[in-house]
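Work through the following exercises with the structure open beside you, and try each task before you read its solution.

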Amino acid sequence: MMTNPATLSRRALLATAAFGTASLVAAPVFGQSTVRATAGPLGQFGLDAAQFGLRPGSPDDQSRLLQNALIEAAKRDAPLVIAPGRYRISRVVLPDGARLLGVPSATRLLAAQAGPLLLGRGLARAALSGLTLDGLDIRVAAREGLLTTDDVADLGIRDCAFVSAGSVGVVLNRTGGSVEASQFQGMRESALFSLDSRGLSIERNRVEDCGNNGIQLWRSQPGDDRSIVRGNRLDRIRADAGGDGPNGNGISLYKAGGVIIEGNSLRDCALTFIRNNSGSSVQILGNQGKRCGECGIYSEFAFEGAIITSNLIEDCALGASMTNLDHGGRLSVFANNIIRNARKGSYPGFKDPVGGMGVHVEAEAAVTGNVIEGASDIGISLGWSWGMRNLVATGNMVRRTGIGISVSLVPKQRNALIAGNVIAEATKGAVVGTEYGKPVTGDLTRAPDARAAGVRVENNQVG
C-alpha cells in the first residue's frame with residue numbers, strides 16, 4: 001500500500017515539532033543526490049536516511065549506514081528521517097544532538113543480533129520519535145535495553161514503540177528527559193528501567209505483558225530522584241522470576257525519593273500496582289488499580305514521608321501498606337482513598353494465605369477520609385507487634401469486614417487516636433486491640449479496656 005506523501009509529511013512534521021526542531025528544512029547539501037532528496041516529503045524535514053544507503057526491507061545489517069547518517073545529520077544540526085519499512089540494525093551509537101525521526105508504527109528497527117539496537121553515552125541531548133524498536137525476543141544480558149543510555153542530560157522519546165525485548169525495553173542510566181506517548185509490549189523483564197535518574201518525566205505511555213515489572217526507578221544510594229510518572233496505562237505484569245517483592249510490580253521505586261506517581265491506570269499485576277521501597281518524600285496520587293496478587297500500594301522499608309491519596313484500589317490481597325518501622329519506615333498520610341475487596345487467600349508465589357486488610361500503617365501515620373469496603377479480615381490495621389507508634393485513624397468509613405479497626409497493644413508505650421469513623425457490618429468488632437494479630441480485647445467502642453491504655457477511642461458511629 002502506497003503512503004500518501006501529504007500524510008507522511010504531516011506525521012514527520014508533528015514528530016519533529018515535538019522536540020522543538022529549529023529548522024525543518026534540510027541543511028546545505030553535500031552532493032547532487034542529496035539535492036534531489038530534499039525535494040521529497042522526507043527531505044523537507046531533515047536529511048533523508050535513504051540518501052545514505054538505507055533501504056527498507058533489506059536483509060542486510062544496516063547498522064554502519066545508519067551510524068554514518070546519524071553522524072552527518074548531527075554535524076548539520078538536522079533531524080535524520082527514516083522512511084516506513086523494516087531495517088535490521090544493532091548497537092548504533094547516537095551522537096550528541098541526534099534527532100532520529102520515523103513514521104509511527106511504520107518505521108521499524110529490528111534486532112540484527114543480541115544486544116541494544118541504539119546506544120547513547122555522554123550526551124547533552126538526543127531525541128527519538130515515531131520509531132518501533134523490535135528485539136525479536138532475542139535473549140540478552142539482564143537489564144540490557146533495546147535502547148540503552150548512560151549519562152544523557154536530556155533524552156526525548158515520543159510516539160515510539162518497544163516490542164519483544166529479550167530483557168528490558170529502555171534502560172536509562174544517569175539520564176534525564178522524558179519518555180512520552182510510547183508503547184511497550186512483550187518484555188521478558190520490564191518496560192523501562194532507570195538507575196540514578198537525572199529527573200525523568202514518564203507520561204502517557206502504554207505498558208503491556210512484561211515478565212517481571214513495568215516501570216522501575218532505582219537509585220544506587222537513597223536520594224532525590226525527582227522523577228514524575230503520570231498518566232500511564234499498565235496491564236498484565238507478571239513475576240516470572242518469583243520472589244516476594246522485587247518482581248510483579250507495575251511501578252517500582254527503590255531508594256528513589258521525591259518521586260510523584262499520579263493518575264496511572266494499572267490492571268492485573270502479579271504482586272503490586274505501586275511499590276515504594278526505601279524512597280522518601282514520595283507522592284502517590286489519584287491512581288487506579290484492579291486485580292493484583294499482593295498489596296495494591298506499598299511504601300516499605302527505610303522510607304520517610306509518603307503521601308498516598310485519592311487512589312482507587314480493587315480486588316487485591318491487601319489494599320495498601322505503609323510498613324517496616326523495624327527498618328525506619330515511618331511518616332505517612334493515607335487519605336481519601338477507596339479500597340474494595342481486599343480478600344485473604346492463596347496467591348501465586350505465596351505458600352500460605354495472605355492479605356485480608358484494607359490498609360496497614362505502623363509509625364507517624366494519619367489514616368483519614370478513606371472508604372474501605374469488603375476487607376475480609378481487617379479494615380484498618382494500626383501497627384503490628386511492637387511496630388506501632390503515633391497513629392491516627394479519623395473520619396473513615398469501614399464496611400463489611402471482620403474487625404473494623406485493629407490496633408496493636410504489644411508496645412508498652414502507645415499513642416493512637418481512633419475517632420469519628422463510621423464502621424458498619426464488622427462481624428468481629430468495630431475497634432479491637434490485638435497482640436501479634438490475635439484479638440485480646442472486646443470491642444473498644446462499647447467499653448474501655450485497661451490493656452488499651454494510650455489508645456483513645458471516641459465518637460465513632462457503629463452500625
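Predicted model: local features only at pLDDT ≥ 70, side-chain atom pairs only at ≥ 80, totals over all residues.

**Exercises on buried residues**

Leaving aside neighbours within four places in sequence, Leu118 is in contact (heavy atoms within 4.5 Å) with Ile89, Val92, Leu94, Leu100, Leu109, Leu128, Leu133, Leu146, Leu147 and Thr148. Residues are numbered from 1 along each chain as its sequence is written, and side-chain values use heavy atoms, with hydrogens and water left out.

**Exercise 1.** Find where Asn311 is placed, and decide whether Asn311 is buried or exposed.

*Solution.* Begin with the chain, where Asn311 sits in the loop between strand S26 (304-309) and strand S27 (312-316); strands are DSSP runs of E with at least two residues, numbered from the N terminus. Next, take the relative accessibility of Asn311, which is 2%, so this residue counts as buried (under 20% relative accessible area, with exposed over 50% and partly exposed in between, using a 1.4 Å probe and protein chains only). Finally, follow the side chain of Asn311, which reaches the backbone nitrogen of Gly286 at 3.3 Å.

**Exercise 2.** Determine which side chain is joined to that of Glu314 by a polar contact of 3.1 Å.

*Solution.* Then list its contacts beyond four places in sequence, which are Phe273, Gly289, Lys290, Arg291 and Arg340. The partner is Arg340.

Terms used
Helix = DSSP H or I, 4+ residues; strand = E, 2+ residues; numbered from the N terminus. Polar contact = N/O pair within 3.5 Å; in protein donor to acceptor, adjacent residues only side chain to side chain.
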